[in-house]
Structure formats: structure tokens, C-alpha cells
Amino acid sequence: MLSQAVQDAINAQINAELHASYSYLAMSAHCDHMNFTGAAHWFRLQSQEEYAHAMRLFDFLLARHGKVELRAVAQPRAEFGSIVDVFQRAYDQEREVTQQINRLYETAFKEKAFDAVIQAEWFVNEQVEEEKSTREVLARLTMVKDDPASLLDIDRELGARGPEAEGAAT
Ligand code: FEO
């Protein structure tokens, strides 16, 4: 049986992942409004991936006969500036999630909940990828500044993103 501290930490992380999902959905809508349809697609997939992260923890908690406690999901920011601003916020959000995952890992480790440690470990690895992908897009957008041809090129590439099996809640 998972200790209360571990269950609380997992429930908090479920909420954090759902908030990230909601936040990416807002970014997707904003990008669509700006006619960056590729970026809108990219953020929509990112939102789905965050939902899958929440469900991964949800399923783990249930499998360990823990108590899922769903909390209110905070309203995401709806107003953004340029496309660079949106990706800057996405990158900041991923860095924040990394801190949350690190805290989850630390709690599981301190409580000697090794099953939860292994779950948290998957997320530690995932965050390396999540930070890398948002940082790389941000760097390229910063590089091209407001050159329309380059921005459209990047948007086209973002639009080609396919769903990632890795993030699936299996
Ligand atoms: Fe679930 Fe992007 O972290």
C-alpha cells in the first residue's frame, strides 16, 4: 500500500499534468488565431501527451489500490504575444514540470515506495525530452526573428508532428 505522502504527491502530479494539458490547449488556440496552424497542431498533440501523462499516474495509483483525488484544474493563461512568446512559456512550463517531477521522485524515494520511484523515473526521462523539444523550437524561432519565410517553414515542420507512442497511457 502506498503511504499517504506518496498518494498525495501522485495526486498533485496528476493535477499538474492536467493543468499542463489545459495550458497547451490554450496555446494551440492562440496559435490557430495567429494562423500558425502547424504550431496549433503541435500544441494540440502536446496537450494530448500531457493528458496521457496524467492518465499514466492515474492508472498507477489505481493499480496500487490508492485513492485518486481529482482537484480543480487552474485556468490557463489565454493571452500571449508572438509565437516566440508562446514557445518561451511552453519551455518555462516544462522546466516547472521537471521540478514537480523531481519532487515526486524525492517523496517516493524517501518513503521507500520503489514502485512509485520507477514510475517517477519514467517521467524524469520524459522531461529530458520535453525540455529538449520545446527548447529547440524556441531557439529556432528566436534565430529567425520575424522573417516570414522562415517562420512559415518552421510552422510547416511543426505541423508534420505525429503522435508519440511513448506518451501513451499504457
Ligand atoms: Fe508531462 Fe510536458 O510534462
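User: How many salt bridges does the structure hold?
Analyst: Eight, going by this predicted model.

User: OK, take Arg89. What does Arg89 form a salt bridge with?
Analyst: With Asp85; their closest N and O atoms are 3.4 Å apart. Both sit in helix α3 (residues 83–110), and because they are four residues apart there, about one helical turn separates them.

User: And how exposed is Arg89?
Analyst: Arg89 counts as partly exposed, at 30% relative accessibility.

User: Which helix holds Glu106 and Lys110?
Analyst: Helix α3, where they are four residues apart, about one turn. Lys110 is exposed at 62% relative accessibility, while Glu106 is partly exposed at 42%.

User: What about Lys132, where's its partner?
Analyst: That's Glu136, with the closest N and O atoms 3.1 Å apart. Lys132 is partly exposed at 35%, and Glu136 is partly exposed at 39%.

User: Switching topic: which residues form the nonpolar patch on the surface?
Analyst: Tyr22, Leu25 and Val73, with about 250 Å² of accessible area together. Tyr22 lies in helix α1 and is partly exposed, at 42% relative accessibility.

User: Last one: is Gln7 buried or exposed?
Analyst: Buried, because its relative accessible area is 6%, under the 20% cut-off. Gln7 is in helix α1 (residues 4–33).

User: What is Gln7 in contact with, leaving aside neighbours within four places in sequence?
Analyst: Met1, Leu2, Leu61, Gly66 and Lys67.

Technical notes. Residues numbered from 1 in each chain as written. Predicted model: local features only at pLDDT ≥ 70, side-chain atom pairs only at ≥ 80, totals over all residues. Heavy atoms only, no water. Helix = DSSP H or I, 4+ residues; strand = E, 2+ residues; numbered from the N terminus. Buried < 20%, exposed > 50% of the residue type's maximum accessible area, 1.4 Å probe, protein only. Contact = heavy atoms within 4.5 Å. Patch = residues over 30% accessible without salt bridge, like charges linked within 9 Å, V, L, I, M, F, W, Y side chains within 5 Å. Areas by Shrake-Rupley, 256 points an atom, 1.4 Å probe, with all protein chains shown as cover. Salt bridge = Lys/Arg side-chain N within 4 Å of Asp/Glu carboxyl O.
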